Amino acid sequence: MTIDRKAAWGLLTEFTQSESLRKHALAVEACMRAYARKLASGSAAEEELWGTVGLLHDFDYDKYPSLDDHPYKGNEILKERGYPEEIRKAIMSHAEYTGVTRDTPMEKALFACDELAGFITAVALIKPSKSLAEVDAKSVRKRMKDKAFARKVNRNDIMNGAAGLGIDLDEHIAFCIEALKPIADKLGLDGSAKV
């Protein structure tokens, strides 16, 4: 199977009606594409592969949000639709409770980007401009200390994700912020949505 973003987006939108989950998928995809350029060969095929993993990592969550189903149902659907083992294993590995190990740079990057992309989005949304332009590593680190802020985001996963990549946490945060800026308009984080 050739990796096709249009088909992956179609699969995501077929299963995910939530606009916020679709935006999360776009955010993780952007971070994954950036890390593909940094950590992998940098080839277009590699970037598509990593981007697809980011785009589809939670595609089943809207329909199957329980720990018993996500990402297991998604894995079955991806297998039925011909997605390769490499993509399916990476997606399975992003959820700690599956017991699937993260062995490749792509798998480690997905785990590192998932929670962080959501957290950066949350930080941007509380800024007066609702813009990524106002978000930096320092503001993200400050909010990470506030347990009441975005309480569903697992701070340990963010820290362990950076450690798993062998990258300093501040550097990882700054890298992901920069990866999101080119798609800020798609995420509603370009300042145009401010009230």
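Reader: Where does Arg88 sit in this one?
Author: In this predicted model, Arg88 has its place in helix α5, which covers residues 85–93.

Reader: And is Arg88 buried or exposed?
Author: Arg88 counts as buried, because its relative accessible area is 11%, and the cut-off for that term is under 20%.

Reader: Which side chain does Arg88 make a polar contact with?
Author: The side chain of Arg88 is joined to that of Glu85 by a polar contact of 2.9 Å.

Reader: What else does Arg88 touch, if I leave out residues up to four places away in sequence?
Author: With those set aside, Arg88 touches Asn75, Leu78, Lys79 and Tyr83.

Reader: Which other residues of α5 are buried, then, and what covers them?
Author: Besides Arg88, the buried residues of α5 are Ile87, Ala90, Ile91, Met92 and Ser93, and what covers the buried residues of this helix includes α3, α4 (72–80) and α6.

Reader: Switching to the nonpolar core, how many residues are in the largest one?
Author: The largest nonpolar core has 59 residues, and those with the most contacts inside it are Met32, Leu56, Ile120 and Val140. Helix α6, residues 105–125, supplies the largest share of this core, with 12 residues.

Reader: Take Leu56 from that list; what does it touch, again without residues up to four places away?
Author: On that basis Leu56 touches Ala8, Leu11, Leu12, Leu78, Tyr83 and Ile91.

Reader: How do α1 and α3 pack, in angle and distance?
Author: Helix α1 (residues 5–15) and helix α3 (residues 44–56) pack at an angle of about 5 degrees, and their axes are 10 Å apart. The angle therefore makes α1 roughly parallel to α3, since angles under 35 degrees count that way.

Reader: Which residues make that contact, and of what class are they?
Author: From α1 the contact has Arg5, Ala8, Trp9, Leu11 and Leu12, while α3 brings Glu48, Thr52, Leu55 and Leu56. By class, the contact of α1 with α3 has 6 nonpolar, 1 polar and 2 charged residues.

Reader: Staying with α1, which of its residues are buried, and under what?
Author: In α1 the buried residues are Ala8, Leu11, Leu12, Thr13 and Phe15, and what covers the buried residues of α1 includes α2 (19–39), α3 and α4.

Reader: One last thing, what does Asp4 do at the start of α1?
Author: A side-chain oxygen of Asp4 reaches to within 2.8 Å of the backbone nitrogen of Lys6 at the start of that helix.

Definitions and conventions. Residues numbered from 1 in each chain as written. Predicted model: local features only at pLDDT ≥ 70, side-chain atom pairs only at ≥ 80, totals over all residues. Heavy atoms only, no water. Core = buried A, V, L, I, M, F, W, Y, C linked by side-chain atoms within 4.5 Å. Buried < 20%, exposed > 50% of the residue type's maximum accessible area, 1.4 Å probe, protein only. Helix = DSSP H or I, 4+ residues; strand = E, 2+ residues; numbered from the N terminus. Contact = heavy atoms within 4.5 Å. Axes fitted to C-alpha atoms, helices over the stretch in contact; angles between N-to-C directions. Parallel < 35°, antiparallel > 145°, perpendicular 65-115°, else oblique. Nonpolar A, V, L, I, M, F, W, Y, C, P; charged D, E, K, R; others polar. Polar contact = N/O pair within 3.5 Å; in protein donor to acceptor, adjacent residues only side chain to side chain.
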